[in-house]
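Subject: The model, and what turned up in it

Hi,

Here is the structure I promised to send over.

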Amino acid sequence: MRKQFKKEGQEENAPCWVCHQPIDYEADYTNPCSHTCDHAKPISEYPELEYDYSNLRHAHNKCNVDRYRIEHMGAEPKGWQPKIHCE
């Protein structure tokens with residue numbers, strides 16, 4: 001499911017749903033600019049949606065991690081905006 005979702009995002013050149021910047025679909029998964037499947041509704045709160053295709057969003061690896069930290073760990077700095085520079 002995730003491979004198909006990534007393939008569709010790459011074909012559409014879908015941007016990151018968090019920061020709206022382009023995603024490097026060819027980057028290694030360790031690269032913060034690489035593609036990851038993000039869940040619009042977190043699976044920690046909605047485990048039944050883990051495999052729901054309509055709950056997936058295209059995101060940068062870093063944006064997904066940052067969003068998780070902010071929403072679940074209260075780590076949002078004042079005035080935080082999603083920013084990533086992938087070139």
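A word on the basis before the findings. This is a predicted model, so local features need pLDDT of at least 70 and side-chain atom pairs count only at pLDDT 80 or more, while totals for chains, interfaces and linings use all residues. Residues are numbered from 1 along each chain as its sequence is written, and side-chain values use heavy atoms, with hydrogens and water left out.

**The fold**

The chain's secondary structure comes to two helices and two strands, in the order α-β-β-α from the N terminus. Helices (H or I, at least four residues) and strands (E, at least two) are DSSP runs, numbered from the N terminus. Of the 87 residues, 33% count as buried. Here buried means under 20% relative accessible area, exposed over 50%, and partly exposed in between, with a 1.4 Å probe and protein chains only. Among contacts with a separation of 6 or more, 59% are between residues 24 or more positions apart; a contact means heavy atoms within 4.5 Å.

**The two strands**

β1 and β2 run antiparallel and are joined by five bridges. For strands to count as paired, DSSP has to find at least two bridges between them. Within this pairing, D38 stands opposite R57, and the partner of H39 is L56.

Five of the five residues of β1 are buried, so this strand is largely enclosed by the rest of the structure. In β2 (residues 56-60), four of the five residues are buried, so β2 is largely enclosed as well. In a regular strand the side chains alternate between the two faces of the sheet.

T36 is a handy place to start looking. This residue of strand β1 is buried at 18% relative accessible area. Apart from neighbours within four places in sequence, T36 is in contact with R57, H58, A59, H60, N61 and N64.

**Salt bridges**

How many salt bridges does a search of the whole structure find? There are two, taking a salt bridge as a side-chain nitrogen of Lys or Arg within 4 Å of a carboxyl oxygen of Asp or Glu.

One is between R67 and D38, with the closest N and O atoms 2.9 Å apart. R67 lies in helix α2 (residues 61-73) and D38 in strand β1 (residues 35-39), so this pair ties together parts that are 29 residues apart in sequence. Both partners are buried, R67 at 12% relative accessibility and D38 at 3%.

The other joins K62 and D66, at 2.6 Å from N to O. These two both lie in helix α2, four residues apart, or about one turn of the helix. K62 is partly exposed at 35%, whereas D66 is buried at 14%.

**The largest pocket**

D38 turns up again here. The largest pocket is lined by 13 residues, and D38, H39, P42, N64 and Y68 lie nearest its centre. Its volume is about 180 Å³.

For the record, the search used a 1 Å grid over the protein atoms alone: a pocket is an open set of points where a 1.4 Å probe fits, with protein on both sides within 12 Å along at least five of seven lines, and lining residues have an atom within 4 Å of a point. Grid points are joined across faces, edges and corners, and the volume is the space filled by probe spheres set on the points.

β1 and α2 each supply at least two lining residues, and α2 gives the most, with five.

**Two loop residues**

Finally, have a look at the loop between α1 (2-12) and β1, where N13 is placed. N13 has a positive phi of about 55 degrees although it is not a glycine, and it is exposed at 54%. H20 is found in the loop between α1 and β1 too. Its phi is also positive, near 65 degrees, and H20 is exposed at 58%.

Best wishes
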